[in-house]
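Please find below my notes on the model under review. They are set out as numbered points.

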Amino acid sequence: MSQEIEIEFKNLLTEEEFNKILHTFSFPTEPFRQINHYFETDDFGLKAQHAALRIREKDTRNILTLKEPHPDGLLETHDLLTEQEKAAWIANKPIAKQNTLKQLNALHINVDDLKYWGTLITDRREMAYKDCTLVLDYSTYGNTNDYEFELEANNRTTGKKVFEEILRNTSIPQRKTPNKIKRFFKAVYRK
């Protein structure tokens with residue numbers, strides 16, 4: 001699938017809150033690691049359109065993903081990359097890929113203007129719960145680390161209800177939580 005709508009709810013956590021959720025639910029004992037490499041133009045052309053571009057290394061695969069606003073959440077457009085293509089992107093020699101290129105063109109972003117800005121590493125645990133996916137992330141980027149609870153859903157109404165129920169039942173306050181790429185740029189580049 002080259003495109004999907006992502007409906008998710010996020011909440012930054014303290015380490016104590018992270019551990020509370022971890023031990024309240026049946027998350028896997030060990031996390032898996034995923035590595036995000038972020039790309040942007042020098043003039044932040046993607047950010048200006050509330051879009052973001054990353055390569056995610058996960059399960060020996062490299063997935064180039066463009067995220068754009070969508071009425072129901074975020075529209076994600078994906079392309080698989082080889083190791084050589086990933087290395088070229090990180091070396092600031094991006095290789096256009098069919099699905100993301102079409103979307104970038106619609107945003108008037110030239111692939112050759114995209115630059116590698118850095119990496120965020122996440123140790124993630126996931127589990128199914130009430131027709132949703134619960135996610136616990138511990139992320140490191142620059143000199144920063146954070147803890148995050150995410151809930152991914154197929155339906156906004158159901159997702160919101162389950163998300164709020166979990167926070168209420170664990171006595172964790174709901175916090176305005178920017179996505180990882182925004183937190184990365186704010187922490188590393190003050191942008």
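1. Contact here means heavy atoms within 4.5 Å; axes are lines fitted to C-alpha atoms, for helices over the stretch in contact, with angles running from 0 to 180 degrees between N-to-C directions. Helices (H or I, at least four residues) and strands (E, at least two) are DSSP runs, numbered from the N terminus. Helix 3 (residues 83-90) lies across strand 2 (32-41), strand 3 (52-58), strand 4 (61-70), strand 5 (73-81) and strand 6 (114-129), at about 115° to strand 5.

2. This is a predicted model, in which local features need pLDDT of at least 70 and side-chain atom pairs count only at pLDDT 80 or more, while totals for chains, interfaces and linings use all residues. Residues are numbered from 1 along each chain as its sequence is written, and side-chain values use heavy atoms, leaving out hydrogens and water.

3. Eight strands form a closed barrel in the order 1-5-4-3-2-6-7-8, with antiparallel pairing; two strands pair if DSSP finds at least two bridges between them.

4. Strand 7 (residues 132-141) is joined to strand 8 (residues 144-153) by ten antiparallel bridges. Cys 132 has Ala 153 as its bridge partner, and Ser 139 has Asp 146. Two residues separate these strands in their hairpin, where Gly 142 takes a positive phi near 55°.

5. Nine bridges link strand 6 and strand 7, also in the antiparallel sense. Asp 123 stands opposite Tyr 138. In the turn of this hairpin, Lys 130 has a positive phi of about 50°.

6. Seven of the ten residues of strand 7 are buried, that is, under 20% relative accessible area with a 1.4 Å probe, protein chains only (exposed is over 50%, partly exposed in between).
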